[in-house]
Amino acid sequence: MAYLVQFQINVFALVILVILYAMIRFRLRVKSYGKLLLRWIMVLTAVAVVLEPLTWIFDGMLFPFSYFLEYSTNVLLFLVGPVLGGMLLSYVDYHVFHDPKRLSKRGYYQHLSVLTAIILVVNFFNPIYFEIDPIRNSFSSGALKDVHYLVLASLYIYMLVFLYRNRRRISQSAMMIFIWFFMLPIIGMIVQLFNSRLHFSWTAVVLGVLVAYIFLESTASEQDYLTKLYNRQSYEMYIDHLIETDQPFTFLLFDLNHFKKINDTFGHQIGDKTLIYFGRTLKKVFTNQGFISRLGGDEFVVLVEGVLDETAAINQVNAYLKAANPSYIKNLSFSYGVKQYDQKKSVEAMYSEADKMLYINKRLYHQQFNDNI
């Protein structure tokens, strides 16, 4: 009965992982190395959640290859733990430093996985972690089974130390998220260590993944609160992804003309509606080909993968604005700057060049506007 309840918990945990994986894979537009790592974490956790009940199912069963299945599932289950721990540390490292290249130099995050693999090879000849009775095909713990939990615990403790040492690089709220991200698996291991019949460790990891998804990777954290476009953080993640994968793109920077005058004349509520409408206009023009973000205030950016027909796109934006009913929208204008992706230049340099072009256009607009008064 206890195993039946535990099996149901594992099924529930697996369903959560499948849903989260699908949401990251198909729903979230913003791509990042962090999301890729979290997807791999989900896959490894799902493997563990499936392997765990298989070890119970095969335990004591006698049929061809039953011994092989019982032994191999236990080996894999022991190995997944440190591999997953190293992946969790890589995930946090990325969120702290935002540097995939740094992770390529952090191979030692998986050193405990290598150590565990060596111990499991030794275990085949001298059972120290676990033993499978070849006659009854039954599992029994080895003398050093608790060492496995200590190895995993040391990895999670290192993660907490890592967070403390880099606490100035992340916000207090992010720190709390990561602490829960790590503490849930630790709690699960402690529970299972003191009561071997309560297999809670992998379910706790799933809860940790759920915390990471909700607070770090969900759509809400990607969106600008007003326009529902992507926010500055999402823009930074997306452009980093384009550069990391060496994908050519066009950088379009927009800034509304006389936006302060709209706020002063009609009020901030109308100003907000203006921003929302302009954001919707950009979505109409660029949704199928670009990534649209509000950087702040009346500044918007569009990243278009590949080459952009600049003139056609700008004319289309103007046409949508002219067709609007409210006069403050119909008379709305904007300045813009464009920059093609250049491998030799940083994001800051490309932004600066687009920004300079934008302000040249804005200066020309104001000159023409003043001449017409």
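I'm calling a residue buried under 20% relative accessible area, exposed over 50%, and partly exposed in between (1.4 Å probe, protein chains only). With that settled, I went through the structure.

**Ground rules**

I'm working on a predicted model, where local features need pLDDT of at least 70, side-chain atom pairs count only at pLDDT 80 or more, and totals for chains, interfaces and linings use all residues. I number residues from 1 along each chain as its sequence is written, and my side-chain values use heavy atoms, with hydrogens and water left out.

**Salt bridges**

I counted a salt bridge wherever a side-chain nitrogen of Lys or Arg came within 4 Å of a carboxyl oxygen of Asp or Glu. My search of the whole structure turned up seven of them.

I looked up Arg102 and found its side chain in a salt bridge with Asp93, at 2.8 Å from N to O. Are the two partners buried or exposed? Asp93 is buried, because its relative accessibility is 0%. Arg102 counts as buried too, because 16% is under the cut-off.

Next I checked Lys339, which forms a salt bridge with Glu353, with 2.9 Å between the closest N and O atoms. This pair links distant parts of the chain, 14 residues apart: Lys339 sits in strand β6 (residues 334–340) and Glu353 in helix α15 (residues 347–372). For helices (H or I, at least four residues) and strands (E, at least two) I took DSSP runs, numbered from the N terminus. Lys339 is buried, since its relative accessible area is 15%. Glu353 comes out as partly exposed, at 29%.

Glu353 also forms a salt bridge with Lys345, and there the closest N and O atoms are 2.3 Å apart. Lys345 is partly exposed, with a relative accessible area of 31%. I noted Lys339, Lys345 and Glu353 as one network, joined by salt bridges that share partners.

**Two single residues**

I then picked Ser66, which lies in helix α3 (residues 66–97). Ser66 is buried, because its relative accessible area is 6%. For contacts I used heavy atoms within 4.5 Å. Setting aside neighbours within four places in sequence, I found Ser66 in contact with Met61 and Asn137.

Where does Asp298 lie? I found Asp298 in the loop between β4 (290–296) and β5 (299–305). Asp298 is buried, given its relative accessible area of 16%.

I see eight residues of domain 1 in contact with eight residues of domain 2.

How much area is buried between domain 1 and domain 2? I noted about 740 Å², with carbon and sulfur atoms giving 56%. That is the accessible area (1.4 Å probe) that the two parts lose on being put together, summed over both. I looked for salt bridges between domain 1 and domain 2 and got a count of zero.
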